[in-house]
Amino acid sequence: MKHILGIDHLGWLVRDLEAVATSFTRLGFTLSPRQTHSPNMGSANHTFVLVDTYVEPDCLHPHHPIQRAVAAARLPSARACTSPSPAQTTRQPPSTSSAP
C-alpha cells in the first residue's frame, strides 16, 4: 500500500503482562518499567524496541470499567492483569535498548 509510510508502534493486548515481559527479557530485549497509560484508560504496559519501532504489550486493570465491559463482551483477551493501582504509575517513553 503506497499510502502507508510505516508503523509507529505495535500495541498488543495480553493476558499476563509479566509473563510476556519475562519471556522477552529472556530473549535479550530490554523492557521499560511497567507503566500505566492513565487512570482513565485502565491499562498497564511495558515497551521494547524492535528495529525502528517499538512493541507495547498491554493489559487491563482488573477493577477498571473498561475491564468489566470487555469481560461482559466475552472477548478472548478479557482477563485482567494484576498490577499497581492506575494512580501509582505514569506513562514514560519506551526504552531505546533492544536485543543485539
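Mentor: Let's take β5, and start with its parallel partner: in this predicted model, strand β1 (residues 9–13) runs parallel to β5, and 5 bridges join the two. One spot to look at there is L13, which sits opposite D58 of β5.

Now for the antiparallel partners. Strand β3, residues 43–45, pairs with β5 in the antiparallel sense through 3 bridges, and S43 stands opposite L60. Strand β4, residues 48–50, is also antiparallel to β5, again with 3 bridges; here L50 has T53 as its bridge partner. The hairpin of β4 and β5 leaves 2 residues between the strands, and V51 takes a positive phi near 55° in it.

So how covered is β5 itself? Of its 8 residues (53–60), 8 are buried, meaning under 20% relative accessible area. In a regular strand, side chains alternate between the two faces of the sheet. For β5, T53, V55, P57 and C59 are on one side, with Y54, E56, D58 and L60 on the other, and both faces are covered.

The chain has 2 helices and 5 strands, in the order β-α-β-β-β-β-α from the N terminus. Of the contacts with a separation of 6 or more, 51% come from residues 24 or more positions apart.

Technical notes. Residues numbered from 1 in each chain as written. Predicted model: local features only at pLDDT ≥ 70, side-chain atom pairs only at ≥ 80, totals over all residues. Heavy atoms only, no water. Buried < 20%, exposed > 50% of the residue type's maximum accessible area, 1.4 Å probe, protein only. Helix = DSSP H or I, 4+ residues; strand = E, 2+ residues; numbered from the N terminus. Pairing = 2+ DSSP bridges. Contact = heavy atoms within 4.5 Å.
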